[in-house]
Each structure stands twice: as structure tokens, then as C-alpha cells.
Amino acid sequence: MKIRRASAAVAAVAAGALLFSACSSPAADDEPQTEDTAAESMETEQISDPCKVDTGTTETAEGEVKYSVGEDEFLGYNTLTPETYSTYNSAVTERIQGLFWYFGVDGTICHDENFGTYEAISEDPLQVRYTIADDAVWSDGTPITYADFLLDWATQAITADGAVTEDASEEALFNSISGLTLGDYVPDGPQADAADAKTFQYDYERVYADWEILVSTPLPAHVVAEQIGITTEELVTAIQEVDMDVLEDAVEFWNTGWLSETPGELPDPALVPSSGPYMFKEDGWVAGQSITLTANENYWGPPAATQDVTFRFAAADTHVQALQNGDLDVIEPQATVDTVDQLEQLGSQVTVTTGQTLTWEHLDFNFNNGIFSESLDAREAFAYCVPRQKIVDDLIKPIDDTAVVMNAREVFPFQTEKYDEIVAESYDGRYDEVDLETAKEKFAAAGLEEGTEVRIGYSAPNPRRADEIASIKASCDQVGFDIVDTGSPEFFDKDLPNGDYEVALFAWAGSGQKASGQNIYATGQPQNYGGYSDEVVDEAWETLASTADEAVHVEQTKVIEKQLWDTLFGIPLFAHPGVGAYSSDLENVRDTAAQSGIVWNAEQWARAS
Amino acid sequence: MLKFILRRLGISALVLLAASFLMFVLTVNSGDPLKDLRESNADNKQQLIDARVDHMGLDDPDVVRYVDWLAGVGQCFTGTCDLGTTVTGANVLDLTAQAATSTLRLVTAATLLAIVVGIAVGIISAIRQYSGFDYSVTFLAFLFFSLPVFWAAVLLKEYGAIRFNDWIAGGDMKPLMIFGTAAVAGVVVGAVLGGSWRRILSTGAVTFAFVALVLWVLNALDWFRNPFFGLGMVLLTSLGAAVLVTAIVAGLGNRRVLYAALTTAVVGTLSYLAFAGILLEPSSWWVLIGLFLLAVVVSIGIGAAWGGYARKQAMLISGITGAITSLVIVFDILVASWASFLQLKSRPISTIGSETPNFSGDFWESVLDTGMQLVLPTVVLTLISVASYSRYTRSSMLEVMNQDYVRTARSKGLSERAVVTKHAFRNALIPITTIVAFDFAGLIGGAVITESVFGWKGMGAMFREGLDRVDPAPVMAFFLVTGTAAILMNMLADIAYAYLDPRIRR
């Protein structure tokens, strides 16, 4: 049995219907491609909801499910410091720390109703009211309250000088990965009646498009208070009044008290209560080997389906054999043709899922210097000769046969409805096929000489990118370019900042944010490496980022995408393929395009009985 | 001698210091420690970069960072080592202790096995020079020597773990498997024992028949899933070992030695009965180690009592027999635990990890669990080391066998056994000592790929991860341990040399 990522496609339809019911344009009702229809009808039994669906679990079954993210050791309960922040660590902590929302299989923001509810009670000025579920408690019995979220806000708002941030550029008091953005937008912090309130409200100083994901995972404030010898109420007051005497102690504990300096030594259970379906298992961590989570008895939502989930620390290239031997039950190996072949040879013993992920590959022009910086004709000549379809057919389809050429930057092909709508209005398909004749005309119009050198840089070693460049060279050299593969391990360190390239080949990982693209495409932004500048794009981003209205987001995205195509910021290629596989006796394993990985719904994994 | 050792130590310390500086500079310049952050699209990217620069001291000159590190290491002399922290905030001292333990567990068995097997194979192939056995060993040695570890490991996992586990689920040997195993055993034993073609054929045939019969009986008894060994077999095996050791080292003609060895075997087996309670449920490894030492001491005592004129030899052989008997007893206990172990873990050999997560067996079942996890990596490491040891031993042995004094020994009518074990073997061992000492130091750091492929977190993994992140602390810790081990082992080898050969001393 082989599940293709049709579920994601179906999911996207559903999500799109939900999100854009107010604004669907005629384009969105275009006939879907026949291939998709076929896939959908075949997989009708597949789950269509991008979010977690109710699996009807009422009690936890004995047993253990083994999974591996990779060989990286677990680092600590607090995954929000720059030192511990990684997908490896979050894979564990996300199971033990609950939150109001999570990313669904296609990147949709899903609400976790078990944890609580939230809604924007006003869009401009933006005001969001959060309500934590009444029965939501930490595994030590303490209710999850406003205090936990106030502490979370404090870690992202208070500066080292003991004030609430002005513009997020100051040095932060807490060693948090998130910086001071939250404090910048919500200077007053969440407001509630009492320290133990279940309802509280964020008043945004100005509208922020990505307000939903700005509020992150809360860590237990009562533990911090206890560790520094005060009550939770006193901690709340100290934060509200920015009382540095108290805060300095709190920072000390927040920065270090939840990190595990010595691998294999679990912290005192009193320090690390769980707010999710799992919690640390006593003696469950063996340095260099594995860490085991066990079902949280005090979890108020649907119980975990299986008693224990073990995360083994094993290198990715050992995963396939480990799955075959039953040492792992769920794996997410490197997406290569070899891995997929190997997995398929295992037959019905394992179920393989392939699909696209939220990371996408693209060619970006250098606007700071070189032949492409001033001449649209030159960029078009290059775009007409890049064999995008061939690259996808040769390199990606063997892994994931649903792979397609990507024609947008802010939406992914598997977010079908939204993608089709946006692409239909922004791109007319002119670069779909290689057109050497037009490329030559544009080449001549740009006044380029035969044999013009084009350096394509990327972070080497990367065999797939080397193959992509070889394909481009085979095609574009006929036009008159001389494509040079300048991949180097120091690409991001030296070549990119120094501008020693004509075209940069790399991938962005989709963050799930709506306005993160502003950093890449707007004038003078930190991720705008090529120095691209366009007034229309800048303005559209301003509009998009300063509203919480979904309809405006879509409209502005169309403007941005169209302008980026017309001025040729760069050429999107494809969404990276992803591969997941699991032992066929497991139920409810669903792969996801989001970065949380296949483990995202681990609490639903169950052995078929 | 003391002066010699002190001078060596002084020079070694200076070498280590200079090398550590070189290593440090090379490490911090080996890449970009901010690589992952440069590719980040976080809003506060610059703040994150600044934080890491500050955390790792990237703005300081290399020399300053080195001196900082060295100051931390210097505190070791006051008992408070500070090897720094990794970029992810882990304490490197703890990390090193864990990694070193893991690596030692991994390489100790492999090294011992490789020494014993490699030297034995080397000697036999030297004695049987230009025989089919010799050619086969040469061929295999070169094959193993050039084996890519990751590839061999993948094959081993396929056959040694996955297929074996599939098979043990039924535990039934097919006739073809029995035939094949017996045939291989027949060919090997025939070739090793050598002699005329007639003799080779007959030893081969007898071995074949014996192995086939034993396997057939074991199979019929479902022995592979429910094995038993028993006191009788323990006694028989120990007695066999006693005779064999005596035959090789002293010759069966030396009755006092033979009796000493046999007594040891019997006493050992009887003590198994006496200590059964402690042995079956030992409270810790220390109990077992204590009992083992006790066994060896008692054995040596038996040797001394029987010895008479051959006291020294009797003590040695009794000691060896005692040690072997102890191992046979452990084997018996493990065999007895196998069936219940299979209940706990239906697929006994995992492809990854040094132990089964959350394994819930008793002491011996846990030993079986960790032991089975050692099998595959040990096989890989052993194959590679055996290849070189057998070649070195063979050439060294051949050289010695052509010496005049060996010819003299033969011409005065000594048995071939006495010539080989007494006159040739000891001298052939001298160059091997150096290689073994050096190799052991190398193995501690050199099992990088093996560790990674089998999911062990040892010194190699620590080194590799550190280097990937351009994080000097773990790399330097790795260097400290392996560098010190290399220097110590080299010095041991030098001292042994100086002791064996006075010409080395100056």
C-alpha cells in the first residue's frame, strides 16, 4: 500500500474552502487537473482535514512506538533558547508542551481546541482574546493560566535595561530565540483580571499579519516562581511592573534551569511538568541512545493512544534498515531515490508516504552587480532556457510522483486551491517550457556576447543542485550563456554577501508566516540578498503585513507574485520532496509538509490490535 | 630506566601541547560556525548571530580562545576540569566521559578478539606457508583490509540482524543450512590441521559428519530457541580446554601441568555449583569481576600446588584454564537465559543502538541485550583489525622461523610444537606488541564510521558533530583523550621494548 500526498491536496482544498469562502474568485473554480482528480478519487478514504482528526481514542493502550528524528541528542525542556532550538529538540518538547495552535499537514494553522480557544475580537486595532480550557492543568496539577502566558510574553518583550522594548532592536533580558517582536507589537502584554485567570487579551499596538503564531508555547510560570522563592502572583506583579530585582532571578532560572547540561540526566520531575499528552518517563533518557516519553495521566484532552513514545538518536542513513528490523516504527529518512526504492522493496511490511514539503528551491538573480542586475532581457533570456520541467522530471519525480514545477513563491502547489488562484492571476505559463528561440532573441536584445559567464552559486556539497546546474548548463549554453557551477561550502558566508555570483540556487523553508516574505522581497530587507527593489512589491508587502484580513493577504500576494514574475526576481523551481515510512501495523500515522515532521500527531499513533 | 620514562613523558607532554594548539587553530578555521544562522530567515537573525558570537567568543583571536580553553584544561590539575560547553550548551566533560565509556565498550572486545584471532591465524598461516589455507587467509586479509566499513555494516545488518532475526523467530535449520555450515567447518578444519591430502580429506570428512550430526540433533531439540548447556557440558568443555592449553603450551608429556589444569577445570565446575546463587542473580558487575579474580587466583594456587619442578608453567596454564572455565560458566548462564530473553525481545539483534530502550529484563537478560548489540559492530571492527594483525604476525613469524636458532632447535630433535611455541612464537611477538599498543589508541578515535552506522554515541560521534558545527570544545576533548591515549600507549610500547631489548635504552 502506498499513500501519496493526495491527502495533502485534499486537505488543502478543505482548508482553502474554509479560509477563502468569503473571497473565492472565479479562477479558483477552474477545473482541477485530471491527474489530481484521479488521485483524490482513489484516496477517498484518506483524511481530508489538514488538522488532527478525532481518532476516537478513549484510553491509552500499553506499548511503545519508536521513532527517530536523527542522531542529535535531546538538549532540554526549554527549547526556546538559541542553543536548544532545533527540530530535533522540538520533536520531543512539542509532545509535552501544549499550545493554542499547531501547523496542519499542509501548513494551515490549526486551533487546538483541547488547549483552549482564541479569536480576534477586533481586526483594527487588533485585539485577540484567548481562553484556556477550564480543565487545562500542568501534569503536577497546577492550572495553566494567564501567568504562564505573561511569562512567555516577558521573555519576548523585556530588554536587558529593564524596560519593555521600543522597536525590538535592543538586547533582550531573556535568552530567547524569538527576539523581542512580541513586545514590540504588544507593549502592554496580555491583560487579565488575576494571575490565575483563564481568559486574557492581547492588544496589538499595530496590526500584525502573523499574530496567530506570535503567541508561542508557554513554560510553567509557577515553577519559575517556586525556584526563585516567590509566589506566582508575585512573579506576575514583578513582570507587570518590570521589577528587575525579581526578574533577574527569573531570567537566571529560565535561561539555564531547564537545560540539560549532562545528557542522560532528566531534570527533577517537579521542574518539568507537562501540558501535553506526554511527559518525561522516569529513567527514560539514556545518553546517546534514546529518550522515552510516557502518557501524561493528568492530560485533560483525548488520551495518548500508546503508552510510550521513544525517540532514538540514530543517523538518518540507518533508518530504513532499522524500520525493517523493527528497531524503529516510524521514520522520516532523507528523501532520495535510493531510499524510496529501498523502502518499496520492503513490501507490505511498511507503508511509504511521499509528498511535497514546505521547503522550496529557487534560482535568484543578483541585482547588485553582474549581467542580470540591470537587464530584464538578460533575466528573461535565462528564464526561457532553464529546463524547469526536466529538472523536476529527472530529479524529483522519481522520489515523489506528485511533484510539479512550482510557479509561486508564497504558496505551495499542494495548497491547491489557493495556489491555483494565485498562480492563475500572476503567471501566464511562459517559462513552463524551454524556449531557446525566444531566449536567443532576448539574449541578443540584452546585448550580451556569446559565452557570457553565468556563475550559479549554492552551498556545496549538494549533488542534487550540481545535477540541476548540469541540466541548466546543457540548455542555457545553447543560448550563448556560459554556465559555471560555483557551488562552495562557503557560499552563504562569502560568495552570497560578497555578490560573487550571477544566480543563487538555494531553498527557503516556509515558516508558515504570512508576512515573512517581506524580509526577502522588499527593498533593503535582511534576506533580500540580491538587492532587488521594486516599488509595487514594497507597497504590496506593506499593505499585507499591516492587516489581519485574509482577503487582503490573498489579493496582495497576487500583486506581489505577478510583479516578481514580471520583473523576474528569480525563478521558483520545486517544493522539496519528503518521504515518510512506518510499520504497517501502526494506525493514524500521517505525514505532514510542515517542519514539525511526521511526529506531529504522535499522540494518535496506535498499534492495530 | 626512570630517567628514560621521565624524559619520554616530558617530551610527550610538549608534543601534546604543541599538537593541541595546532588542532585548535585548524578546528576553529575549518568552517563557518554561523552557517545555520546565515541561512535563517528569522526576524532577529542579527541578534542571534551576535549571541552566538558572544557565546563562543568568535570575535576573539584564535590564540585568546585557545588560552581560554587551555586555562580550563589546566584546572584539571586542581581537580575541577573545565573542558567548556558545546554550542548547544552541553557540558563537554560529561559528554566526554559518556562518549569514552561507550567507545571503550565498543572497542575493547573487538581489540581483544582481533589480537587473539589475528595472531592465531597469522601463526597458522605462517606454519602452513603457501598452502591453500595460507592463500585463503591472505586473500581474505586483503579483502577485509580494504573493506569499506559503511558497506560491510549495511550487509551485516541485512544478514546478521534482519535475516537472523527472521530466522530465529522459527529457529529451524533447513537441511541445506546444516549441510552448508558443516561443509564450511569441514573445509576450514581440514585446511588448518593440514598434512597429506589423505589426512586433510579424512579430517575434513570427520569434521563435516560431526558438525552435521550436532546441528541436526540441536535442530531436532529446538535448541536455537530453547538452548541448554548444563553442568556436564561445562565440565567437558573445561576439561577439553585444560587438555588443549596444556598440549599447546607445555605438551601433554608434562603430567604435573596436565593434572594441575584438569584439577582447575574440575574445581572450577564444582565452584559453579557452590556460587550458583550469586552467579545467577549478581547484584552488580563488581561481584562478577571479584569472583573472576578469585577464580584466577585459586587456579594459580592449584597450579603452584601441583607444579613441582614445572611450577611456573603449571601456574600459567592453570590460570588460563581457570579463566576459560569462568567464561564457559558465564556462557552456560547466558545460554540458560536465552529463551526468556527471546520472550522479552523477539528480534534479538537490533540494527541501531547500544541497548534496547526501556529494556526490562533481569541482570543476565540485560547482559544478553547489550551483548547482542555488540555483536555486529565488533564483527566489523574485528575483521578490519584481524586483517592487519594476521599479516604482521605471519611475516614476523616467517622471519623468526628462518632464524638459525630455530633450525638448531629443530636439529636437536625438539618437537615442532616446542619449536613453534617456545622458540619462535615469543620472539615473533615482539614487533606485534608495538602495533597492538598503537592500534588500540587508534581504535578509540578511529571507530567513527562504525559508531555512526550502528547508532553508538562515542568519541567518534562527538568529534564529528563538533567538527560539523565548527565547535572547538568537543573536538579538543576528543583530541585530549585520543592524543593522551596514543602517547601513553606508545610509551608503554617503548618501555616494553626497552625492557625486552636492552639495546634500545640509551
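This report describes aromatic pairs and charges over rings in a predicted model. Residues are numbered from 1 along each chain as its sequence is written, and chains are lettered from A in the order in which they are written. Local features need pLDDT of at least 70 and side-chain atom pairs count only at pLDDT 80 or more, while side-chain values use heavy atoms, without hydrogens and water.

Over all chains, the structure holds 64 aromatic pairs. Rings of Phe, Tyr and Trp (its six-membered ring) pair if their centres lie within 6.5 Å; planes under 30 degrees apart count as stacked, over 60 as edge-to-face and the rest as tilted.

Phe100(A) and Tyr118(A) form an edge-to-face pair, 6.0 Å centre to centre with 75° between the planes. Phe100(A) lies in the loop between helix H3 (87-96) and strand E3 (101-103) of chain A and Tyr118(A) in strand E5 (residues 116-123), so this pair ties together parts 18 residues apart in sequence. Helices (H or I, at least four residues) and strands (E, at least two) are DSSP runs, numbered from the N terminus. Phe100(A) and Tyr118(A) are both buried, that is, under 20% relative accessible area (1.4 Å probe, protein chains only). Both also belong to one aromatic cluster, whose members include Phe115(A) and Trp211(A).

Charges also sit over rings, with NZ of Lys or CZ of Arg within 6 Å of the ring centre and within 35 degrees of the ring normal.

| Charged residue | Ring | Distance from ring centre |
|---|---|---|
| Arg409(A) | Trp565(A) | 4.7 Å |
| Lys157(B) | Phe454(B) | 5.6 Å |

Definitions and conventions:
Buried < 20%, exposed > 50% of the residue type's maximum accessible area, 1.4 Å probe, protein only.
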